[in-house]
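Student: Please take a close look at one part of this structure, and then say how the rest is put together. I am new to it.

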Amino acid sequence: LGETTSSRRSKMAFLVLIFLPVAAVAWCRGKDAHVEAAIMGEAYGLRNATRWLPERTPPRGDDDWWGVVVEELRRSVEAMTKDGRALEKTLRLRDHFVLVYENRVVVHRKFFNHTKQSQHAKMIRSVWPPASPFLHSFLPSRNKAVTSAQVVAELLPKKQRLANVAYSFSGATTGYGQGNPLLVINKQFGYDQCGVLIPNTYFSAGNLSTWRAFERSVAPLPWTDRPPQNDAAFWRGTVIFKPKCVDNWGNFARLQALSLAVQAPDLVDVGCVAMHGHDLRRSCVFGVDPHSCDGEPRPPATWRRPKEDSLTKAVRKFVPVHDFAKRRVLLNLPGAKSGSYSRNLNVLWMMKSVVLLWNGPFVEWYYPALAHGVTHLAVDVASLPETVARIRRDHREKEPAALVANARKVHDTFLCADCIANYFKHVVDELRTRFDFGAVLDHPDKARAIFRRVGFDADCADLVEIIDDPDTVLTPGSREILTRSLRPDDPVCGGSRDEHGHRPSSQQQQQQQQQEANYDLLRPIRA
């Protein structure tokens with residue numbers, strides 16, 4: 001009887017989030033602090049949960065993993081407002097728009113203000129054309145450079161045009177952003193948030209050619225060849241508390257896992273390591289202002305945070321990612337920032353290990369195909385030790401074949417480089433259908449007119465094209481990105497390539513680019 005209106009609304013919203021069927025009417029939820037507090041407070045209060053929070057009801061079919069992911073893509077696109085001015089409004093968002101036009105990727109220089117946006121630009125450029133399986137025969141192993149010339153030489157005969165499209169991109173860990181259509185890399189509070197889910201930008205810093213090379217370099221050991229002591233739940237990462245309680249959900253989960261490593265080190269091999277370029281004092285910050293959560297949701301009172309000095313026992317040495325393939329059980333914890341996705345998960349599925357996902361409400365683009373007990377095991381602070389003990393007891397000598405095979409299937413279906421490229425094609429096709437971008441962008445005169453209307457002619461000096469240069473060495477994991485400044489007569493700037501209003505031939509265009517192109521090597525700041 002004493003419940004407030006806001007608390008009732010929060011509880012109802014959380015129930016709707018969990019039990020809303022896949023076939024629900026097109027709708028999406030904007031930012032709502034009350035709903036978010038209810039979702040996160042409930043999620044991180046879980047103890048021995050009987051289900052994985054993001055799992056669909058009814059669950060996805062075993063025979064159509066790709067189909068359920070595309071179904072969620074279409075649902076989220078249908079939830080967007082079908083606005084006749086969507087193209088114009090999107091292109092006015094200088095910090096966020098991405099324009100794919102005439103087989104080129106164009107952004108404003110302001111787009112490079114954040115690392116994740118720079119990496120997304122690199123990723124979308126590397127999506128087309130997709131590499132053929134033959135490429136794997138000459139891609140080198142890890143730590144070797146890959147030249148674009150190698151890639152182009154094999155791909156050029158099959159080069160395809162990019163479909164014309166425009167969208168707004170957000171790399172925010174919460175999944176919120178501006179624009180319509182909006183593409184996001186995760187949704188912290190579940191599928192009902194607005195936006196279309198796309199791959200995050202941490203697949204080799206957005207370079208899919210380099211990601212292919214990394215995939216090839218990973219050589220998982222057979223289950224029986226992995227040392228028995230390597231069957232504890234394995235994780236390495238950082239714990240860096242933020243001033244605001246709302247930013248610490250991931251850190252709370254990480255502290256819970258670290259406390260288990262102190263209490264049950266034979267079952268939980270969770271360790272805090274120094275972040276690249278920083279020492280332990282900045283990477284493993286276990287202290288937190290006790291008043292930072294006053295009046296806000298926090299971990300359940302039943303869980304007592306261990307003393308800071310005991311947590312120092314969980315400080316570990318850095319472990320190279322290729323050595324993950326020697327572990328039998330790999331744990332993924334929520335991201336330190338806000339408690340949403342973690343880039344760590346990108347590499348876990350390919351290792352032919354059992355994957356454990358810490359239960360939480362956040363989702364990524366391929367999550368509709370996942371199911372507890374099929375592709376992974378969901379765990380929390382109460383169930384993790386017991387889950388690992390069960391795996392050890394039942395599979396000391398023989399691998400849990402279905403879990404290991406299905407985890408690898410997740411990678412081979414969704415996270416391989418060509419899988420990511422294929423998904424982006426689906427996204428572009430759905431956006432073009434929903435917003436009818438082809439009616440404008442596929443007609444040069446109409447396209448130039450709208451480019452002038454949004455001020456691209458005046459802003460031409462700040463518009464850049466993301467390029468591939470055959471003479472550039474692409475170093476695995478590089479955060480550098482090559483761009484070409486647009487010329488005033490470029491169609492994107494509202495101009496024409498010659499006095500007749502026509503683009504030159506491909507041969508003339510190549511000669512012109514070689515003679516007059518201005519290459520800028522940008523080093524985006526870290527987000």
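Tutor: Helices (H or I, at least four residues) and strands (E, at least two) are DSSP runs, numbered from the N terminus. This is a predicted model, in which local features need pLDDT of at least 70 and side-chain atom pairs count only at pLDDT 80 or more, while totals for chains, interfaces and linings use all residues. Residues are numbered from 1 along each chain as its sequence is written, and side-chain values use heavy atoms, with hydrogens and water left out.

The part to look at is a loop. Glu 102 sits in the loop between β1 (97–101) and β2 (104–108), and Asn 103 is placed in the loop between β1 and β2 as well. Glu 102 is not a glycine, yet its phi is positive, near 50 degrees. Asn 103, also not a glycine, has a positive phi of about 65 degrees. Are these residues buried or exposed? Buried means under 20% relative accessible area, exposed over 50%, and partly exposed in between (1.4 Å probe, protein chains only). Glu 102 has 16% relative accessibility, so it counts as buried. Asn 103 counts as buried because its relative accessibility is 14%.

Pro 181 lies in the loop between β4 (165–170) and β5 (182–184). The peptide bond from Asn 180 to Pro 181 is cis, with omega near 10 degrees.

Now a residue in a helix. Glu 72 is part of helix α3 (residues 65–78), and it counts as buried because its relative accessibility is 5%. Leaving aside residues up to four places away in sequence, Glu 72 touches Arg 56, Tyr 191 and Pro 368; contact means heavy atoms within 4.5 Å.

Two helices can be looked at as a pair. Helix α13 (residues 401–415) packs against helix α14 (residues 417–435) at an angle of about 50 degrees, with the axes 6 Å apart. Axes are lines fitted to C-alpha atoms, for helices over the stretch in contact, and angles run from 0 to 180 degrees between N-to-C directions. The angle makes α13 oblique to α14: under 35 degrees counts as roughly parallel, over 145 as roughly antiparallel, 65 to 115 as roughly perpendicular, and the rest as oblique. Residues making the contact include His 411 and Phe 414 of α13 and Ile 420 of α14.

As for the whole, the chain has 17 helices and 17 strands. Buried residues make up 57% of its 527 residues.
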